[in-house]
Amino acid sequence: MLKDDHKQIRKVFRDFQAAGDGAAVRKGKLVDTMIQLLTQHTYIENEVMYPRVRALLPDLEDDVLESYEEHHVADVLVMELSAMKATDERFDAKTTVLIENVEHHMDEEEQDWFPKVRAGLGRKQLQEIGEEMVAAKKKAPKKPSQPSALKKTVDAVLS
């Protein structure tokens, strides 16, 4: 499920990068989609995946803490982007920084973190976590301004 989310997010990133100069309307819509996807995705990881892995696999504590910090950076950028217009001078630059940070995070998860989690947990535990993430995704916020996302975003800005 998380890899599927990553695939969808990467597609929106590529579409943004391919939009080119003078495509403010298209880029604005793509960033709105990015914000929605990232808000939902970080919510399910922060609410389910990270706490469960942290409790079940104490050896991955440093990986979990680093992931929380990478989400923190993304949350700050998402919140700033959600308040900007696509025509703002720093909109493209801020989006590019978000893309670079999130791509690094996703690559690290897929190549390093997920294999460690799969190796450390049994099939039943992975299925339970998966079911919890599916349930969390149904109630996950789609905008950083929604109450369930707002606390996470405010924490990110104030931390």
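**Reading the salt bridges of a predicted helical model**

Q: Which residue forms a salt bridge with Asp5?
A: Side chains of opposite charge can pair when their charged atoms come close. A salt bridge here is a side-chain nitrogen of Lys or Arg within 4 Å of a carboxyl oxygen of Asp or Glu. Asp5 makes one with Lys137, with 2.5 Å between the closest N and O atoms. Asp5 belongs to helix H1 (residues 2-19) and Lys137 to helix H5 (residues 123-139), so the pair ties together parts that are 132 residues apart in sequence.

Q: What should I know about the model and its numbering?
A: This is a predicted model, in which local features need pLDDT of at least 70 and side-chain atom pairs count only at pLDDT 80 or more, while totals for chains, interfaces and linings use all residues. Residues are numbered from 1 along each chain as its sequence is written, and side-chain values use heavy atoms, with hydrogens and water left out.

Q: Is Asp5 buried or exposed?
A: Buried means under 20% relative accessible area, exposed over 50%, and partly exposed in between (1.4 Å probe, protein chains only). Asp5 has a relative accessible area of 6% and is buried, whereas Lys137, with 26%, is partly exposed.

Q: How many helices and strands are there?
A: Both are DSSP runs, numbered from the N terminus: helices are H or I with at least four residues, strands E with at least two. The protein has 6 helices and 0 strands.

Q: Which salt bridges does Lys116 form?
A: Lys116 meets Asp63 in a salt bridge at 3.3 Å, N to O. Asp63 lies in helix H3 (residues 61-82) and Lys116 in helix H4, so this pair ties together parts that are 53 residues apart in sequence. Lys116 also forms a salt bridge with Asp112, where the closest N and O atoms are 3.4 Å apart. Asp112 and Lys116 are 4 residues apart in helix H4, or about one helical turn. Asp63 counts as buried at 16% relative accessibility, while Lys116 is partly exposed at 34%.

Q: Which residues are linked in a network of salt bridges?
A: Arg52, Lys124, Glu128 and Glu132 are linked in this way. The structure holds 12 salt bridges.

Q: What does Thr95 touch?
A: A contact means heavy atoms within 4.5 Å. Not counting residues up to four places away in sequence, Thr95 touches Phe16, Val31, Met34 and Leu81. Thr95 sits in helix H4 (residues 91-120) and is buried, with a relative accessible area of 0%.
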